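Keep the picture open as you read.

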Amino acid sequence: MTIQDRTRPATPPASAVITIEAVSKVYPVRGGVLKAVDNVSLSIPRGKTVGVVGESGCGKTTLSRLVLRMEPPTEGRVLFGGRDVWKLGRSERKGFHRGVAAVFQDPYSSLNPRHRVSQIVLEPVRVNMGRESGGLSRVRLNDLLRSVGLPEAAAGLYPHEFSGGQRQRIAIARAISLSPDLVVLDEPVSALDVSIRAQILNLLKDLQQQIGGAYLFIAHDLAAVRHMSDEIAVMYLGAVVEYAPVQAIYNAPKHPYTQGLLAASLPPDPRRPNLDATIFGEIPSPIDPPSGCRFRTRCPIAVAHCAEERPPLRERGDGHLVACHLAD
Amino acid sequence: MSRAPSTQSRHLLEVKDLRTHFFTRNGVAKAVDGVSFSLDRGQTLGLVGESGSGKTVTLMSIVRLIPKPAGRIVSGEVLLEGRDLLKLSDRDMREVRGAEISVVTQDPMTSLNPLYTIGNQMEEPLRYHQHIRSHSELRSHVLDALKKVGIPVPERRMKSYPHQLSGGQRQRIVTAMAIECQPSLLIADEPTTALDVTVQIQILRLLREVQKEMNLGMIVVTHDLAVVARVCDVVAVMYAGRIVEKAPIVEMFEKPSHPYTQALMKAVEGERDATGRLYTIEGQPPDVRRLSPGCPFAPRCPKVMDICRGEYPPVASLSSQHTVSCWAAMKENGIEHIGLAPGVAS
Amino acid sequence: MSQEVQPFEGAPIVTPVEIGPRPRFRGLRAIRRYPVIPLFIIGVVVLSGLLAPWIQPHEPNSPDLLASLEQPVGFGGDWSHPLGTDELGRDVLSRVISGARISLLISLSVVLGAGAIGTVLALVAGYFGGILDAVISRITDVFLSVPFLLVAIAVVGAWGASTQHLVVVLVFMTWSGYARVLRGEVLRIRNLEFVKLARVAGCSNGRILFSHILPNIVNPLVILATLQLSAVIIIEASLSYLGLGVPLPQATWGGMLAEGKNYIGVSNAMVIIPGVTIALTCLSINLFGDWLRVRLDPRFRQL
């Protein structure tokens, strides 16, 4: 499948598919404001994957909504192919929808129960390509189904006739139907059985090699993103606390939160049950976050200074950004 | 456990050849089909399996909360300290639930009633099961239980409503409710699945501590081997309604013998092949409404042999406490097929 | 696309056809599985309504004073008037059949009209939300709280009794039920992932509404409409009984009941026959609706 280059404005080579520039999202709530995403910047080049990891309330899902243009950011810009996604003209917006797709966590509510697989998979093609798609549809459909490992006969069936893993394959076939430049993967394997997860992760990786698109991979623990990601952003209470290439995150995590997350997602070993959590308590309310460093209330190494000044996200060595006063 | 029923001291819980089937319009689903195991006080058993493996139905059969009329316990015995729970009247069973067996479920939000304070809800089982009437006594029991599960300022928490608590706090409250009537058996169904990873460890640690301190028998049902590795003494792996392998925890991780267990271990450890692809178990879990006579794992099994497709393997002992149901594992370990009926060896 | 991804094996795709043996439509099991008796009664009523002009043994509205107040067969009557005659000598069976036609005509038009209005408003309110939702929901609330009988009396008083007026009043008074229930359903579905994914794919609002949301509220709509059908039959009968419904001499079940009440003790059949007809029809529709509710709800589908 080739990428339709005409759908995208000309950009210099090696430039990012998607760039998030100092984006914040604030929601008004009773008793104040909720800063769901707080000054996050990242960019994903073609063919690369950035993993965003964090627990509930860290803002990762809001970030995905901002990237998917489902909500405008309060501050900052989201650039797709170098253009602000909220300043696109009508035809450019079409280009955006052609170039961006998503796979969500829940394989059950992700597929319209009243549509056949063929309708589900080809909907992006029908909606965005109009008459151009016409004759190609049938061939395209079979290609897509085959590439996600489903038999052609699946086309005529309804979602309820498939298991969770197979449904996720259908959702993936739909996502790649226009060979998108960016796929947002929001916990695509979290709801699946252990024995199915690896199948789906391998599939996603293979497809990325074929399509060459960028992936934004969102997960709640470090185990799932490891295999997929080139770089990982760890988020806590709306902000990125550590950003580094995947090896650096796994081999030398610098932020105490990342270290705690990593300890929690190590492969199990019954001889060292490791029940000594390094991170205590639970995430504080994002409506009333702690002063200074947001993580200090749960941090095993916090000092007085952490409550006074918020650590900026600073580079400490080769592309390794950390927001911690105490990281060497 | 070697078989010497007459001399051996009685187990806390003994499940013998339990079969629970669901009679649906689309056929009979043999959700649990011949499960046997035993559990002693102070011991934690992990029941591991994927969705549809029958692990939760096994639990629900033990406490007799199978949705009727579709679900029915077709046969088997569930002996709690020698008494067959399946033969009790509904009324007696209600006495057993909550008093002798208590349950911690996956979602702490739905297991607490949003309309009552924590204190109110926690007093209820004490009134019902322990017949405590005095207010001060109820209060002190509840405070004790809350302290035990590490709730800070329990006096204040008693007056809180569930929605005012975080997920981890709620799971602590649910655990406190589960242990306040001094049960002998604690059943935890995916106790940490709904929680954040950093909170999961805290809850697992709590369960482990409570279980040790009160010398409870505990069954943890989960799909997550990491949970099992952290809290269990013995693991039973379920597939398509049966236990396919059972062993003490360390032995299970060091020497998994059933190909399914082996595959799960590799999957959990994120093992990759030479080309960098993750190790996978191909195919899908079977539909328990249509099982063929052979081993249900055969279509996905890398070690499948002819016999696997025709006949379900018997339970074979690899060591005193390590059993497996697999023709390939028997062959590898030099065990002859001696026609043991399934479920005979525990 | 390369063929590197291995086709996916060992996973028989379950088609509904191969699932289990189909139940045999026979005997007690069939009666338990399908609402056989209600369906039979509904079938008889619908057929009478459709074929009324051809199957009614007599002209339902033409009096024959020589044959007035005859009893049904078995109570002293003869087969020329199987269910007897009324005070003007009109054949009761013919009037029941003719009444079925008018009852069905009215209730179906009302259900179609009210269902259409309610569904459209529910889609708009639930999907777009905001001020539109607030306005539509308040109007719905107002309509749900208007005493409907008084409105009916007022309208008939102002415009005079006619079948058209009756239908308009009934539509006007019953759409709010659909709007209320379906709006909640639309809200729920709007927040499901597949709707978000449709937006990501660039689907227009119209496409999302009609291709994604509408097909998913058909089940509650059908259930609601079925149950409303019997409610409307009863309301129509009540209004006709009060003289506010279909104008005389057109035979209606409610009108027959009203005429019959003057002859209780003389010819009880004149009350019992239309009364039982109304009761049986509505009971059957309700039982059928309940069965449909269980049948269409996916949570029950397995059991």
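## A walk through three chains

Helices (H or I, at least four residues) and strands (E, at least two) are DSSP runs, numbered from the N terminus.

Before going further, a word on where this comes from: it is a predicted model, in which local features need pLDDT of at least 70, side-chain atom pairs count only at pLDDT 80 or more, and totals for chains, interfaces and linings use all residues. Residues are numbered from 1 along each chain as its sequence is written, while chains are lettered from A and ligands numbered from 1 in the order in which they are written.

**Chain C**

Chain C has twelve helices and zero strands. Of its 303 residues, 39% count as buried. A residue is buried if 20 or more other C-beta atoms lie within 10 Å of its own, exposed if 12 or fewer, and partly exposed in between, with C-beta atoms placed from the backbone. Take the contacts in chain C with a separation of 6 or more: 68% of them come from residues 24 or more positions apart. Two residues are in contact if their C-beta atoms, placed from the backbone, lie within 7 Å.

Just after H9(C), look for Gly243(C), which takes a positive phi of about 80°.

**Two pairs of helices**

Here are two helix pairs side by side. Axes are lines fitted to C-alpha atoms, for helices over the stretch in contact, and angles run from 0 to 180 degrees between N-to-C directions.

| Helix pair | Angle | Axes apart |
|---|---|---|
| H6 (residues 163-190) of chain C and H9(C) | about 150° | 11 Å |
| H9 (residues 256-264) of chain A and H7 (residues 197-214) of chain B | about 55° | 9 Å |

The packing angle of about 150° makes H6(C) roughly antiparallel to H9(C). Angles under 35 degrees count as roughly parallel, over 145 as roughly antiparallel, 65 to 115 as roughly perpendicular and the rest as oblique. H6(C) passes H9(C) in a right-handed crossing. A crossing is left-handed if the near helix is turned anticlockwise from the far one by less than a right angle, and right-handed if clockwise. Among the residues making this contact are Leu166(C) and Leu170(C) of H6(C), and Leu221(C) and Leu224(C) of H9(C). By class, the contact of H6(C) with H9(C) has eleven nonpolar, three polar and two charged residues. Ala, Val, Leu, Ile, Met, Phe, Trp, Tyr, Cys and Pro count as nonpolar, Asp, Glu, Lys and Arg as charged, and the others, Gly among them, as polar.

The other pair reaches from one chain to another. With helices packed at about 55°, H9(A) is oblique to H7(B). Their crossing is left-handed. Gly260(A), Leu261(A) and Ala264(A) of H9(A) meet Val197(B), Thr198(B), Gln200(B) and Ile201(B) of H7(B). That contact has four nonpolar, three polar and no charged residues.

**Where chains A and B touch**

Zooming out, 35 residues of chain B are in contact with 32 residues of chain A. H7(B) gives the largest share of chain B's side, nine residues. That side divides into 18 nonpolar, ten polar and seven charged residues.

Glu187(A) sits in the loop between strand E7 (182-186) and helix H6 (194-211) of chain A. Glu187(A) is buried because 20 other C-beta atoms lie within 10 Å. Its C-alpha atom is 7.2 Å from that of Phe217(A), 30 residues apart along the chain.

Most residues other than glycine have a negative phi. Glu81(B) has a positive phi near 50° and counts as partly exposed, with 14 C-beta neighbours inside 10 Å. Val153(B) has a positive phi near 45° and is exposed, with 8 other C-beta atoms within 10 Å.
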